[in-house]
Amino acid sequence: MTAVETKRERFVAVDLQKTEEGYNVLQAILKDNPGTRIDEFPGYYKVKHPEKLIIKRETVESFMGRSWDTQEFNLVIISYAGNFAEWDDEKILIQWDTHM
Amino acid sequence: MAKKKLTLAQKYHIYTRGLDWEPTYVSKKDIYPYAEYEGIKIKDWNKWEDPFRMTVEAYWKYQAEKDRRFYAILDGFIQNQGHLTLSDARYLNSIKLFIQGVTPLEYMAHRGFAFVARHLPGPGPRTAAFFQSMDELRHTQIEVHAASNFNKYYDGFHSMTHMHDRVWYLSVPKSYFDDAVTAGPFEYITAISFSFEYALTNLLFVPFMSGAAYNGDTPTMTFGFSAQSDESRHMTLGLQVVKFLLEQHEDNVPIIQRWIDKWWWRGYRLTSLVGAMMDYMLPKRVMSWKESFELYIEDQILEGLFRDLERYGIRPPLHMNQSIKEKEFLSHDVYWILFSFTFAAAFHSWIPKEEEMEWLAEKYPRTFNQYYRWRYEKAKEAKTPLPGDRFYYIGLPQLCQVCQIPMGFTNPDDPNNFVQRYVEYEGEIYHFCSDGCKWIFEQEPEKYVQAWLPVHEIYKGNCFAEPPKGPDDVVPQVLKWYNIQTDNFDYFVSEDYKNWKEWHKDMATVVV
Ligand SMILES: [Fe+2]
Ligand SMILES: [Fe+2]
């Protein structure tokens, strides 16, 4: 076994485009996921949470002011860390330690 | 009464599994001839599920929307003469490396995933691989379109595929992908979808693209983020395939581990080029290589992903510790290599400006001033007869047999020395830049002895436009064969620099 030494932290993350839609999704994430941290970089937001991130259709719609399909998440996501534990019509859940 | 809408999960099942059928007059073995020889054992393909639940219908819809957004931004940039508002024309040298080195790999990925989409026996991963094959073709196209605008004004963009097959530093990405596509379908998907896309592409497509945005290059940022948004789907494919294979049979575990060990180091060495681009070629910088490595590799991959994989008996890649040790050296070593051999490259390099050296010293407090700054101070004095008031390494470097990068990697445990390793195999000596590359060679020597090494090929006489008329004509004939015209040498003696100054003499041409 190779023990790998890091003194780093564990979190789940999504990297979102810094666009109007990305901003609305970000607002929804902040509302539904207390404890979320955001790092801002040119062109994108890095959204981190120590355990999990949930994106709810209803909350996103309330910020968008229109109906929103969870598959539209494909248009704002750049990258992520974690697993897509659930992805259905109502919500997307990203966390580690999931089984198939 | 209106028909009830199908849920996402139902739609996914109907449009993927529902379209598959059991063959009756041809055996499965004949249909999928590559499914078994790698030793991977699958009991039940139906256990595989795509968390993105992507169907063909949704695929076209969202991909078309991504393209519309990209082309709108590209058109705006072109109409606005956006290239004149970049931070500095030096910036474009990183994009030349990208277009020559990465874009042809997108095309290779398109081919690789078409192969996998044909040859995996399960309908779920076959569908996902088919989407990815189309994604990769799209990436090639949007990158070529973005580059074609720069090609009107700058050197280094005119001959990417021709160069990709010939030029010394481009054999690094080329040999990497050739290695992957000549493996079986399971190794290929572990190499590319898992090791490269889940772990390493983030470094290229997120912090580097953010750097593109910061330097005023919105088309590159947009194609980067647009590609990486597909990449999220690819990452999922990689992760699901690996977890699926690990769950299917315990005999798969050591095979997957060996592939992870191999492809971590292969991909990491390839990504070292991105380190040089980030730390040296972006006039305005967002994040250092080291910071990106800590965030995207140490946090997300080691603390995140590999903790998740422990339960399957998978450990972090062999040689990961070496990558961590190298994080304060890597980008400096690679830029120095690119800088030294710029007389034979289709991009320009330069001595970092004083304020840039200060940034490097601040980001790399243990290494930059100690081991690298003096090289550039000497480079100002050690002039050669070549254009540009500075040092070039006149000669050809020894290349690593596996990664094909010139052997100039500092030993972090002994920073005044480079790492040099070798293996004797069937009476020949082969050289390596690292223990990682040496280990990879030892696993499959019969594969890597066949490597097409650009320096060896020059010495063999295989890389001349016409036979050289004498020793002074050797490099010119190689450059001609590469189709390098005015693309090489120091930035400050380049056409790019001359034009850039000319275009900015009269600010009225800049402000639109
Ligand atoms: Fe791609
Ligand atoms: Fe190497």
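This is a predicted model: local features need pLDDT of at least 70, side-chain atom pairs count only at pLDDT 80 or more; totals for chains, interfaces and linings use all residues.
1. The iron ion (ligand 1) is held by three residues of chain B, with Glu106(B) and Glu136(B) each giving an OE atom and His139(B) giving ND1, at 2.0 to 2.2 Å. Along the sequence these donor residues follow the spacing E-x29-E-x2-H. Glu106(B) lies in helix α5 (residues 103–119) of chain B and Glu136(B) in helix α6 (residues 123–151) of chain B, so that the pair, 30 residues apart, links distant parts of the chain. Glu106(B) and Glu136(B) are both buried.

2. The largest nonpolar core comprises 192 residues, and those with the most contacts inside it are Leu16(A), Val25(A), Phe73(A) and Tyr169(B). Helix α12 (residues 252–281) of chain B contributes the most to this core, namely 17 residues.

3. Tyr169(B) deserves a separate look: once its neighbours within four places in sequence are set aside, its contacts include Leu97(B) and Gln100(B), as well as Leu338(B) and the run Ala344(B), Ala345(B), Ala346(B) and Phe347(B).

4. Helix α9 (residues 185–205) of chain B and α12(B) have axes that come within 9 Å and cross at roughly 35°, and the crossing is right-handed. By class, the contact between α9(B) and α12(B) has 17 nonpolar, four polar and two charged residues.

Note on methods: Residues are numbered from 1 along each chain as its sequence is written. Chains are lettered from A and ligands numbered from 1 in the order in which they are written. Side-chain values use heavy atoms; hydrogens and water are left out. Donors are N, O and S atoms within 2.8 Å of the metal (3.2 Å for Na, K and Ca); water is not among the atoms, so sites may look incomplete. Helices (H or I, at least four residues) and strands (E, at least two) are DSSP runs, numbered from the N terminus. Buried means under 20% relative accessible area, exposed over 50%, partly exposed in between (1.4 Å probe, protein chains only). A nonpolar core is a set of buried Ala, Val, Leu, Ile, Met, Phe, Trp, Tyr and Cys residues joined through side-chain atoms within 4.5 Å. Contact means heavy atoms within 4.5 Å. Axes are lines fitted to C-alpha atoms, for helices over the stretch in contact, and angles run from 0 to 180 degrees between N-to-C directions. A crossing is left-handed if the near helix is turned anticlockwise from the far one by less than a right angle, and right-handed if clockwise. Ala, Val, Leu, Ile, Met, Phe, Trp, Tyr, Cys and Pro count as nonpolar, Asp, Glu, Lys and Arg as charged, and the others, Gly among them, as polar.
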